[in-house]
Amino acid sequence: MALKRKKQPVFASPKKQQRSIGGTIMLALLLILMGTFMAFPLVYAISSAFKPPEEFFLFPPPIFPNNPTGENFTQLGMVISNMWISFERYLFNSLLISVSSTLLYLVIATLAAYPLAKHTFPGKNGMNEMITLALMFTPAITAIPQYIILAYLGLVNNPLGVLLPTLASTMGVFLCVQYMEILPNAVLESGRMDGAGEFRIWRSIVVPNIKPVLFTMMIFQFQAVWNTNGAGIIYNEAWKTLPAAMSQVATAGIARAGVGSAAAIILMIPPIAVFIISQSNVMETMAHSGIKD
Amino acid sequence: MKIKNEHSLVRRIAKNGVSYAMLAPFMICFIIFTVLPVLAAIGLSFTDFNMLETPSFIGIDNFVRLFQDDIFLIGFKNTMILAFLCGPLSYLFSFFMAWVINEMPKGLRVFMTIVFYAPSVSANVYFIWTYLFSGDSYGIVNSTLLQLGIIREPVLWLTDPSFNLTIVIVVQLWLSLGVSFLSFIAGFQGVDASQYEAGAIDGIKNRFQELWYITIPNMKSMMLFGAVMQIANSFSCGAVSQDLTGGYQSVNYSTMTILNYITDYGSVRYEMGYACCIGVVLFALIVLSKKLIFKLLKW
């Protein structure tokens, strides 16, 4: 139960002991092999986005375009600019909903996870059990009742109707509770000794010590909300999200394969950006804060 | 005695006011947008509801019908195949790859995490597999096999019942490095470095011993989270089989999962009562499997 704070350089990874060079090479080879399997379809999607339509009908199909072109993106831009609403507005809607949902969720989820992990109060076990159970219920059939509730609250055709249900996600809370449970009680106790209230402990002791999980939650939440189509709840074109607009443009079929790939690539950029930002943080934070049971 | 108990319960609730205050914002959202809809869906599973007329209570008729439904049994079988193949494989794959990545130097680590995680980032980038396994000779797989002379004419990979479930499995594995993978990455980062140093002094000889004796015991919370998510996700998979191979429209229902069957009844036939009933059975299946698996693993 000792509280250790080891000072280590920020970029140092946990010190690797007992590493054989042969083993490292084997693992690296394996990583390259699996990496190729993982990356190939993505590379193909990116290269398809730059293929002119006629190259989809060549035999053998070229993996990389013979005459790379930005035509698919221009075409996508043209279709969207002919819509009622500009591309920027769709992007704005999506970013507004995703960013505000993610920030709000990080606050309310960590706030809820702290008592669920560290306090004792009547109903705690029941709540934890309910959250775990909710993880296993398929959203496919809750969509209709949820819609009825949104209609009752007057949130249909309102961006809040997309945003608020995303705050009810249990995955982040569950993950957070699991992680908070391993925080040593001694640290929290010392906070209490110093006269800090529970909210203060949450803000200055708990949250700073769960950073890797915070960033992981940030990725999950941003990505889930970003990929929310929301077309069933919002009819007003001015508030539709980017995925909803893209799915109107990029329907399946090989003739539109290029445009479809272009749309998919554009949609992947923001979550990947969030991912890169948070991952480089995850990988740095924990290496130098050794606070453990 | 009872009164005294209640009294102390009230007092205990009052004393823990701050805990409830912290829980309130999330719990309100959770109850309104998750608990109520789930309860409503469970309630609807005992009704006949076509989404136009008010639901009429029919008792357990839906459940009786479900267990005599041959097509549901096909969906059940496919879901079991996918869950029992993809579930454990994905879990081990996620854990193993997270560990291998963690063994690499830092710069490579971030890059490799992106490469492995990227497929799960986007909601629908797996559509690219339809072009790879396209049934004409313009698909990469067909054209490569044709050129090598292994096949004489293009194979209808996504339609032919002898191949399409396998392809769904491959694509599911491709998409599997998602939630559990990232939580493992975070878990590996969370292991205190000083424990490795102590382990080395205590005679840990190689990286596998280090993994077994130090890393895994320290990652229990993440592994538990990953397992729960993996079980829930494996049983409720369906997007890939629907979009790639037709799901409930596939030949002889060859790739239809329980989730696809729910979509069929919920969004196409508007038999919401029956759809909810299938959903409740799926939920029970997931909860039971989780209980069983956790019991077997003695968690």
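1. First, the ground rules. This is a predicted model, where local features need pLDDT of at least 70, side-chain atom pairs count only at pLDDT 80 or more, and totals for chains, interfaces and linings use all residues. Residues are numbered from 1 along each chain as its sequence is written, with chains lettered from A and ligands numbered from 1 in the order in which they are written.

2. Helices here are DSSP runs of H or I, at least four residues, numbered from the N terminus. Axes are lines fitted to C-alpha atoms over the stretch in contact, and angles run from 0 to 180 degrees between N-to-C directions.

3. On the H4(B) side, the residues meeting H12(B) include B:Cys86, B:Gly87 and B:Ser90, while B:Gly226, B:Ala227 and B:Gln230 are among their partners. Contact means C-beta atoms, placed from the backbone, within 7 Å. By class, this contact has 7 nonpolar, 7 polar and no charged residues (Ala, Val, Leu, Ile, Met, Phe, Trp, Tyr, Cys and Pro are nonpolar; Asp, Glu, Lys and Arg charged; the others, Gly among them, polar).

4. H4(B) also packs against H8(B), at about 30 degrees with the axes 10 Å apart, so this pair is roughly parallel. B:Leu82, B:Leu85 and B:Leu89 are among the H4(B) residues here, meeting H8(B) residues including B:Leu165, B:Val168 and B:Ile169.

5. B:Ile151 sits in the loop between H7 (140-148) and H8 (164-174) of chain B. It counts as partly exposed because it has 14 C-beta neighbours inside 10 Å (buried is 20 or more, exposed 12 or fewer, partly exposed in between). Beyond four places in sequence, B:Ile151 touches B:Leu145 and B:Leu146.

6. The chain-chain contact takes 90 residues from chain B and 92 from chain A. H2 (residues 17-44) of chain B supplies the largest share of the B side, 17 residues.

7. A caveat on chain A: its pLDDT (the predictor's confidence in each residue, from 0 to 100) averages 81, with 87% of the residues at 70 or above. Residues 1-14 of chain A stay under 50. Where pLDDT is low, the predicted coordinates should not be read in detail.

How values were computed: Two residues are in contact if their C-beta atoms, placed from the backbone, lie within 7 Å. Helices (H or I, at least four residues) and strands (E, at least two) are DSSP runs, numbered from the N terminus. Angles under 35 degrees count as roughly parallel, over 145 as roughly antiparallel, 65 to 115 as roughly perpendicular and the rest as oblique.
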